[in-house]
Amino acid sequence: MESSPSPFLVQDEADIAWPIVGLLTPSNQAACRAFSGVVDFLLLHSQNEGLRRHQSHIVLHNRSKLPLRSLLAAQPASNIASPSTSFSSQATQIDDPSDDPMANELWSGSYVFSIQSPPRIPQVGWIAGYGPILVRDTPSNLPELLLSAGTSARDHVGLHSKHAAFNFDKLLATFACKALRNSDAHVRIASQQVSRDSGFQILVCDQVLSFAGLDYRFRFTPDANSDITRNSVKSYIATQIDASAVVSSGAATPSEHDIIIAGWRLLNGVKKGATAAVIAAVHIKDNTRAAAKKLQIKPSDETARIARLITMRQALHNLHHDSNSQYISTLREVIANPHNSNEKYYIFVPFVSADLEDYIRMWKASPTRPPHDDLVLIFAQLMQGLTALHAAGFLHGDLKPLNLGLVKVSPPQLAILDIDDVQDIREATDKNSCVACTPGYLGTPGFLAPERECEGGKYGLPSDIWAAGCVGLRLFDDQHLHKPLNPYRTPSRLSDAAITSEKADYQRVLASLKDRSDGGNSVYDLLASMLNLDWRRRPTASQALDHPAMRRALERSLAGGKRKAR
């Protein structure tokens, strides 16, 4: 085994500038070889003062080289295919052990993200890429994270010198990564490609990333969740990063294409749906972050929509004693483009830059799941928001992961979105059965309560409870009920065999939940009651909050908040 000829790079994690927020570790053959090549390059030029700063971004796990097969065997198993398996033959060529038997002896280690070793340009973040082509290249122009050091395109496996950037996301209190080149840059999370105009939040503690043909595992360190580190990150963002320039999929950097309307700076687009485009917005005076929703609706419908939103905001305000209303996105104001009166933006707060579907998809692509307590807390906050919405006299009608946002991830904080289509049922005599059913219209298949699919029938608040139960089933078990069609629709579009199969699946799911009820104490017991076919036997939102699993989650959250206050 070759030993390091210099202490230049040989470090333990404990020796790296603390606090360490995260580590990026090679996880396929190409990345392991590229990392070892970078270490060899830096060791060879250890007297180059310009290169010394890169020491702070490297930590070696071993003080001598190890066989490649040993490094790969030490990698924890992943529950997904390698993101770069479909990239190109470049990675395959490098991954062939017969290329160079001597290269089987490699350095192993990680790239380190530490606040004490900040990027040269905090607004951009830690840049990852290849370099240098020649030793005389200016070290100050090199990326902070040298993913590859060599002289041929083959060595760089499709990398660019400035391939991607990592930075703190102010709004979600986590890390984000953004592609710095067009689609040929191949930045992926799991199998999903990330474009230059958007990034992705690293929402789980252990996530597989890919840059061209190189795969890595990003993991937050235990220190990343400590109060000291969180405070350090907040201080770093406040003093080093212009708040409007954080690399984020939800809050894009200001550009010449931004427009200012009524005191709001409208940034690049976040997401587009069937009836709306959501744009990140920042208030120029108080720096409030919000979501500006540009709706594609008929002018004749707009007046009623605005009136309903204002009415709901006032109804929620009247529940000022009810802290549950903080888990609902609400309308702050409506602004119009002075140059086009038909172009209106609905400003909603709080701002969220990731929805629950993003969160679930990320941890599905991760080797590890988020802590179960975090998932239970997210679900408890959903029930808190739903309790406030129902108490104010409104039915959401389309609860699903895409309509639930994360204000922040650590600790998690959820907000119910898409409230501009809620139904006002304050005047209804029976709020449990007051809205005419419209099978095939409104809502989302897979989250529709059985009673909503009965032609000529009526539904009400219990239908939101069913939908919330379906969200919980997706959150905890990654399962869908009755997708795409509900077997309870009348008249049915399914065959008798399909109906029988769907109903059997429901019974199987229900039995699985009841098997894990833990004597009525687990969240699975609550889900089973929320997914009762008879809406009369489902709990109300406030009754769900009183379930032992919900009480424990909220008590833990409250206890954690009190500890921080000290």
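Predicted model: local features only at pLDDT ≥ 70, side-chain atom pairs only at ≥ 80, totals over all residues.

Biologist: Which residues in α8 and α10 meet?

Modeller: From α8, Leu356, Glu357, Ile360, Trp363 and Lys364. They meet Val471, Arg474 and Leu475 in α10.

Biologist: How many of the contact residues are nonpolar, and how many charged?

Modeller: Five are nonpolar and three are charged. No polar residues take part in this contact of α8 with α10.

Biologist: Switching to α9. What span should its residues give?

Modeller: Helix α9 covers residues 372–391, 20 residues in total. At 1.5 Å a residue it should span 28 Å. The end C-alpha atoms of α9 are 29 Å apart, so the two values agree.

Biologist: Is α9 mostly covered or mostly open?

Modeller: Mostly covered. Of its 20 residues, 16 are buried.

Biologist: What comes just after α9?

Modeller: Gly393, with a positive phi of about 95°.

Biologist: Now the whole chain. How many helices and strands?

Modeller: There are 14 helices and 26 strands. The chain has 566 residues, and 54% of them count as buried.

Biologist: And the accessible surface of the chain: what does it come to?

Modeller: About 24700 Å². Carbon and sulfur atoms hold 51% of that.

Biologist: Last one. What share of contacts join residues at least 24 apart?

Modeller: 69%, among contacts between residues at least 6 apart in sequence.

Conventions
Residues numbered from 1 in each chain as written. Heavy atoms only, no water. Contact = heavy atoms within 4.5 Å. Helix = DSSP H or I, 4+ residues; strand = E, 2+ residues; numbered from the N terminus. Nonpolar A, V, L, I, M, F, W, Y, C, P; charged D, E, K, R; others polar. Expected span 1.5 Å × (residues − 1). Buried < 20%, exposed > 50% of the residue type's maximum accessible area, 1.4 Å probe, protein only. Areas by Shrake-Rupley, 256 points an atom, 1.4 Å probe, with all protein chains shown as cover.
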